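Open the model in your viewer and keep the selection tool ready.

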Amino acid sequence: MKTLKLYSYKMTHDTRFAPNPLFGVLTLATCKPAVRRNTEVGNWIAGWTAKNLKNCPTLVGEERLIYLARVTKKLNYQEYWEQYPQKRPGNWNDPHVDSYHGDNIYEPRPDCIANPLCPETFILHENSHHKTPEKKAKDLRGQYVLVCEEFYYFSCKQPIEIPKNIRPNVPKVQTSYGVITENIQASEFINYVKQHVKESIYTHKG
């Protein structure tokens, strides 16, 4: 039987940029490079509140769920740029426009072979969140964009509490790799979240 695997990590920001739950699909194209490298199609990802999360600081052991998503595609940056033009940044100076949060910010240079380990082969498009060469290099180290066609996004403004008896493994501190929960424990948690779909801001069941 195939292992059911869930990756959990803590979020210090929730701006609809990473993850980006807009335009009918949740994507993780920036931040958490190790999670993006290691997660496979079919795995689940959960983002949790943290004690230094703006708008919703929470103590260790009391983390609440911001989003849950199942990875349905794992694309390189060139594929993402070409397949999801709606996720490109636009109207970035107006935070009330969805495209302000666009995370498809790395365009392969037409005169180069796109290589995420060589940031110079990508053009960084003007955006509202990641603007520095350091951020660009860190993002591209993830090598892949995770696309989730099934997701439940509650946001940091109304994260949900998870009963202690079905809580998955949640890291106590910030970690670049996240922590893993598998099989029955992961399944019970995922099923519980699905029962609370009505509370989510953005939802797509795939």
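The stops below say what to select and what is there.

Stop 1: The model is predicted. Select Lys10 and Glu63. They form a salt bridge, with the closest N and O atoms 2.9 Å apart. Lys10 sits in strand E1 (residues 5–10), while Glu63 sits in the loop between strand E3 (44–48) and strand E4 (65–70), so the bridge ties together parts 53 residues apart in sequence. Is Lys10 buried or exposed? Lys10 is buried, at 6% relative accessible area. Glu63 is buried too, at 3%. Lys10, Glu63 and Arg167 are linked in a network of salt bridges.

Stop 2: Select Glu149 and Lys73. Their closest N and O atoms are 3.9 Å apart, and the pair is a salt bridge. The cut-off here is 4 Å. Glu149 belongs to the loop between strand E8 (144–148) and strand E9 (150–153), and Lys73 to strand E5 (residues 73–76), so parts 76 residues apart in sequence are tied together. Glu149 is partly exposed, with 31% relative accessibility. Lys73 is partly exposed at 26%.

Stop 3: Move to Glu150 and select Lys194 with it. This salt bridge has its closest N and O atoms 3.5 Å apart. Glu150 lies in strand E9 and Lys194 in helix H4 (residues 183–194), so the link spans 44 residues in sequence. Glu150 is buried, at 7% relative accessibility. Lys194 is partly exposed, at 35%. How many salt bridges does the model hold by this rule? The count is seven.

**Stop 4: the largest core.** Select Ile66 and Tyr67. These two have the most contacts inside the largest nonpolar core, which has 30 residues. Colour strand E2 (26–28), E4, helix H2 (77–83), E8 and E9: each gives two or more residues to this core. Which element gives the largest share? E8 does, with four residues.

**Stop 5: around Tyr67.** Keep Tyr67 and show its contacts. Leaving aside neighbours within four places in sequence, its partners include Tyr9, Met11, Pro19, Leu26 and Leu28. Ile45, Ala46 and Gly47 are also among the contacts of Tyr67.

**Stop 6: another core.** Select Trp44, Phe154, Phe189 and Val193. They are among the 18 residues of another core, which lies apart from the largest one.

Note on methods. Residues numbered from 1 in each chain as written. Predicted model: local features only at pLDDT ≥ 70, side-chain atom pairs only at ≥ 80, totals over all residues. Heavy atoms only, no water. Salt bridge = Lys/Arg side-chain N within 4 Å of Asp/Glu carboxyl O. Buried < 20%, exposed > 50% of the residue type's maximum accessible area, 1.4 Å probe, protein only. Core = buried A, V, L, I, M, F, W, Y, C linked by side-chain atoms within 4.5 Å. Contact = heavy atoms within 4.5 Å.
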